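These entries record what I looked up in the structure.

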Amino acid sequence: MVLVFMAMFGFIVYYVVHDSETIISNTSNRRQDSMSEFVVRGDIVTEDGEVIATTEVDEEGNETRVYPYGSMFAHVVGYNSYGRAGLELEQNFNLLRSHVNIMSKLSNEISGKKNPGDTVVTSLRYDLQEAAINSLGGARGAVVVMEPSTGRILAMVSAPAYDPNDIDNVWEHVHSEEGEESTLLLNRATQGLYAPGSTFKIITAIEYMRENPDYEDYSYDCEGKDIFNSVGIRCSGGNAHGTVNLEQSVAYSCNTSFANLGIGLDMDKFRNLTGELLFNKKLPYQGDHSMSKFMLSKDSDPGEIPQTVFGQGDTLISPLHNCLIMSAIANGGVLMKPYMVDEIDNADGAVLKSYSPKTYGTLLPSADVKRVIPLLEAVCDYGTASPWLSGLPYSCAGKTGTAEVDDEGRMNSWFVGYAGKDIDKPEIVISVVVEDYSENSITGTSVARNVFDEFFN
């Protein structure tokens with residue numbers, strides 16, 4: 001009985017001392033709301049000091065949550081009503097704590113005032129967020145920008161957006177009969193799922209090189225269309241690429257060549273590779289996100305293979321996930337955990353807590369990375385991305401993609417890639433999807449170019 005009592009007592013002490021903050025900070029813990037009785041909700045700011053969420057207090061003590069840049073950071077910052085979303089939800093605990101000095105707390109207590117909450121300093125950059133939004137030009141889509149060496153998220157855009165200052169009307173609209181199909185509150189960057197299009201050829205190429213050590217001898221004569229496993233496959237626009245090797249197949253994004261090499265792959269090994277790259281798994285990301293899907297296996301209908309290997313079929317991926325795969329490649333195969341908060345400061349600017357980069361794990365062995373990088377560089381040097389990304393003061397590598405949405409000609413445009421002043425030391429990774437680019441003429445590559453220019457300038 002003494003031992004049981006001591007064990008219980010020890011557990012209570014451990015719970016109070018070690019686990020209490022974790023329990024209180026859990027986004028499902030309603031106790032956090034009671035903290036607002038004593039603290040004015042703190043600010044959320046960008047890396048470069050722009051206030052993107054703050055609380056205004058009038059003379060009568062009424063508090064209003066204000067978002068100075070309106071819809072610009074809507075999906076990433078979120079809102080502080082109707083259950084909260086984005087950083088307002090994830091950082092609720094930190095925003096409702098106050099670490100001002102003792103004298104200020106005493107003075108506020110005597111005068112009956114609330115203490116100012118702590119400030120959440122994000123890794124977001126105003127200039128990159130603005131460049132991404134302006135480049136989308138009103139088109140629907142998403143952009144995610146990261147540092148591959150740290151996992152810091154520098155920009156995250158989902159369009160169309162909403163104004164969190166007007167969340168009452170927005171909420172009423174999306175829950176009305178008129179707006180019941182609205183995706184306005186959906187963060188396309190993390191929750192949107194799209195056919196990856198030709199960006200998936202990166203993964204197919206890696207599997208082909210794993211299974212075929214003589215991959216440098218690969219050759220295929222592209223006539224613009226062909227039949228594989230009784231399925232007709234066409235290259236974009238019916239273009240005939242002629243005789244291509246593996247690098248050229250990636251650079252020119254040759255569908256028929258990829259269908260040709262893809263039908264010979266071991267589907268079990270292919271599925272294992274997609275699992276290594278986090279398909280059908282939760283991502284190492286704190287916020288709400290959707291799980292990407294890869295459905296092929298050795299038992300699949302052979303007719304599903306030709307389209308799936310170049311990014312059509314039933315495969316779905318989020319822009320965030322595509323960014324993480326490219327980030328791992330840019331970082332030698334090692335994925336850093338994506339994060340968006342650099343530090344927590346008190347209202348006086350003193351740093352209370354800093355967040356450091358953390359390694360998630362190795363997604364790809366270095367041998368795979370070394371083999372695939374020349375293919376990605378070729379895309380920007382002379383391939384499909386070269387009109388936008390060749391001959392610049394910085395170097396780029398990546399993959400374009402076009403994904404058919406329906407039989408009416410609607411297509412989404414992708415670009416995933418990285419850039420650096422020294423291509424061997426990538427500084428920035430980007431994932432872009434532009435919905436129905438055939439209508440708005442905005443491509444993922446053009447958006448990436450503008451964000452890269454802003455970053456390096």
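Predicted model: local features only at pLDDT ≥ 70, side-chain atom pairs only at ≥ 80, totals over all residues.

**Entry 1: strand pairing.** Strand β7 (residues 141-146) runs antiparallel to strand β19 (residues 428-434), and 6 bridges join the two. Within this pairing I found V145 opposite I430 in β19.

**Entry 2: the sheet.** I then traced the sheet to which both strands belong. It is open and consists of 5 strands, ordered β8-β7-β19-β18-β17, with antiparallel pairing. At its edges I noted β8 (153-159) and β17 (395-404), each of which pairs on one side only. From one strand to the next, I recorded an average twist of 5°.

**Entry 3: helices on the sheet.** I looked up which helices contact these strands. Helix α15 (residues 319-330) lies across β7, β17, β18 (411-420) and β19, and its direction is at about 150° to β19. Helix α16 (residues 366-381) also packs on the sheet, where it touches β17 and β18. I noted an angle of about 80° between the directions of α16 and β17.

**Entry 4: salt bridges.** I counted 13 salt bridges in the structure and inspected several of them.

I began with E88 and R41, whose closest N and O atoms are 3.0 Å apart in a salt bridge. E88 sits in helix α4 (residues 86-90) and R41 in the loop between β1 (39-40) and β2 (44-45), so this pair ties together parts that are 47 residues apart in sequence. Are the two partners buried or exposed? E88 has a relative accessible area of 0% and is buried; R41, at 6%, also counts as buried.

Next I checked K114 and E63, whose side chains form a salt bridge with an N to O distance of 2.8 Å. K114 is in the loop between α6 (102-111) and β5 (115-116), E63 is in strand β4 (residues 63-66), and the two are 51 residues apart. I found K114 partly exposed at 32% relative accessibility, and E63 partly exposed at 33%.

Because R410 lies in the loop between β17 and β18 and D436 in the loop between β19 and α18 (437-440), the pair ties together parts that are 26 residues apart in sequence. R410 is partly exposed, with a relative accessible area of 35%, whereas D436 is buried, at 13%.

Finally, I noted one network in which E47, E147, R152 and D342 are joined by salt bridges that share partners.

Definitions and conventions
Residues numbered from 1 in each chain as written. Heavy atoms only, no water. Pairing = 2+ DSSP bridges. Helix = DSSP H or I, 4+ residues; strand = E, 2+ residues; numbered from the N terminus. Axes fitted to C-alpha atoms, helices over the stretch in contact; angles between N-to-C directions. Contact = heavy atoms within 4.5 Å. Salt bridge = Lys/Arg side-chain N within 4 Å of Asp/Glu carboxyl O. Buried < 20%, exposed > 50% of the residue type's maximum accessible area, 1.4 Å probe, protein only.
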